[in-house]
Amino acid sequence: MHRDKLLTLLTGYADRYPDEDIARFRHFVERQPCCFERDCWDDGHVTGSAVVLDAAGTSMLMTHHAKLGRWLQLGGHSDGESDPLAVACREAREESGLSVAPVREDVLDLDVHAIPARGRDPAHFHYDVRFLLRLERPGPLAATHESLALKWVRLDSIEMVTREESILRMVRKLERFAPPTPKN
């Protein structure tokens, strides 16, 4: 089944974060065979996003999202792809022009958030599967039409850019999630 990989990731996430209630997320994936399709309006669709860290692991790449007008992590629609890590990597590359790679293959965070109606798209939910990626090679940032701007934000000053609880939650999880950085 094309949803098995995501269901396995959800189980691993629930094991690492037993205090978080992921029942709504799991139930949606189990009952919605087209959950990876952008036009799945029944209750929403699965998206993939990422915290992209710089080489030093001290800053996160953020996008000033054109449609939502807020500073967010990179990410987007699955568009039929059933591997949310592949989606997060693809979206990070497309939205930044940078080469990125996973730090780990398990899920950093899960989030369900409402997306307002826009044009012909009705209001719906994004079931966002979030991963930790790292910059593979430095390079110039290349914002797309989906972004008003891109910038590196130091993790220790992230609250100066956003008060989005879901982003602050991901940053709090980084210390537990990421492998320790070697000290020189």
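How many bridges join β1 to β7, and do the strands run parallel or antiparallel? The points below start there. This is a predicted model, in which local features need pLDDT of at least 70 and side-chain atom pairs count only at pLDDT 80 or more, while totals for chains, interfaces and linings use all residues. Residues are numbered from 1 along each chain as its sequence is written, and side-chain values use heavy atoms, with hydrogens and water left out.

1. β1 and β7 run parallel and are joined by nine bridges; strands count as paired if DSSP finds at least two bridges between them. Histidine 45, for instance, has histidine 126 as its bridge partner in β7. β1 also pairs with β4 (residues 74–77), here in the antiparallel sense over four bridges, with histidine 77 as the partner of threonine 47. Helices (H or I, at least four residues) and strands (E, at least two) are DSSP runs, numbered from the N terminus.

2. Do look at aspartate 128 in β7. Its relative accessible area is 3%, so it counts as buried. Its side chain makes polar contacts with those of threonine 47, at 2.8 Å, and serine 49, at 2.6 Å. A polar contact is a pair of N or O atoms within 3.5 Å; within protein, one must be able to donate a hydrogen and the other to accept it, and residues adjacent in sequence count only if both atoms are side-chain atoms.

3. The structure holds 19 salt bridges, each a side-chain nitrogen of Lys or Arg within 4 Å of a carboxyl oxygen of Asp or Glu. One network of them links Glu20, Asp109, Asp111, Asp128, Arg130, Arg169 and Lys173. Arginine 130 and aspartate 109 are both buried, and their closest N and O atoms are 3.3 Å apart.

4. Aspartate 111 and arginine 169 form another bridge, with closest N and O atoms 3.0 Å apart. Aspartate 111 sits in β6 and arginine 169 in α4, so the pair ties together parts 58 residues apart in sequence. Both residues are buried.

How values were computed
Buried means under 20% relative accessible area, exposed over 50%, partly exposed in between (1.4 Å probe, protein chains only).
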